[in-house]
Amino acid sequence: MNESSTVKVPFLITLIGAILLLAMILLPYASAKGDYKEYLKNAPNDYYVSEIKMTNAAAVNISMLEYGRIYAETARQGIYKEVSIICIVLIALFALFSLLTLLMSLLKKAIGIIIFDFLALAIFWLMHFDYADRGALPTDSYGWGMVNYVTYIIGIAVAIGAAWLFVEKRKIKKLGKKQEETTIQ
């Protein structure tokens, strides 16, 4: 029994999950709804945020990355500067911890995967709490995007894959020690 065959499935679970976790920064965090969605779609080339050249078409679904750009502009203008900076830091931390989860997955470091995965999920939860607490989301115009639901599922799948990877690597290590002891005798 070699390592590559026993850790292949948990490795793929953690790797694909970590890639998807990182991709969450590009997918819809908020989605326009109802009449407001129709308004945005009816004037797709008008600017939603002219300073960053974000059109109404792009504002139908807003990703974390786009929120980061919006908050960077509001901070630059001095509008809610502290809140904007905190939001930028949270988005950056989520991206960093997701990237570190991916790195640990590539290195097959189960404990590292679990730590950074949970840190990414904790930051994501904090972002969700912040948006909800400030009344930024959900509103009459915007609801939570798919990212709000899928991120937790992916994060849990990554943690399960990492735990499985840890168990399989321990089995291989124990088997190796037994074979070593048998060879010595």
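Buried here means under 20% relative accessible area, exposed means over 50%, and partly exposed lies in between, using a 1.4 Å probe and protein chains only.

A quick word on the background. This is a predicted model, where local features need pLDDT of at least 70 and side-chain atom pairs count only at pLDDT 80 or more, while totals for chains, interfaces and linings use all residues. Residues are numbered from 1 along each chain as its sequence is written, and side-chain values use heavy atoms, with hydrogens and water left out.

So what does E73 pair with? E73 makes a salt bridge with R76, and their closest N and O atoms are 2.6 Å apart. By salt bridge I mean a side-chain nitrogen of Lys or Arg within 4 Å of a carboxyl oxygen of Asp or Glu. R76, at 61% relative accessibility, is exposed. Helices are DSSP runs of H or I, at least four residues, numbered from the N terminus.

How many salt bridges does the structure hold? There are 3.

Another one joins D130 and R134, at 3.0 Å from N to O. Both belong to helix α5 (residues 110–134), 4 residues apart, which is about one helical turn. D130 is buried at 19%, whereas R134 is partly exposed at 33%.

Finally, K171 bridges to E168, with 3.6 Å between the closest N and O atoms. These two are 3 residues apart in helix α6 (residues 147–184), again about one helical turn, and E168 is buried at 11%.
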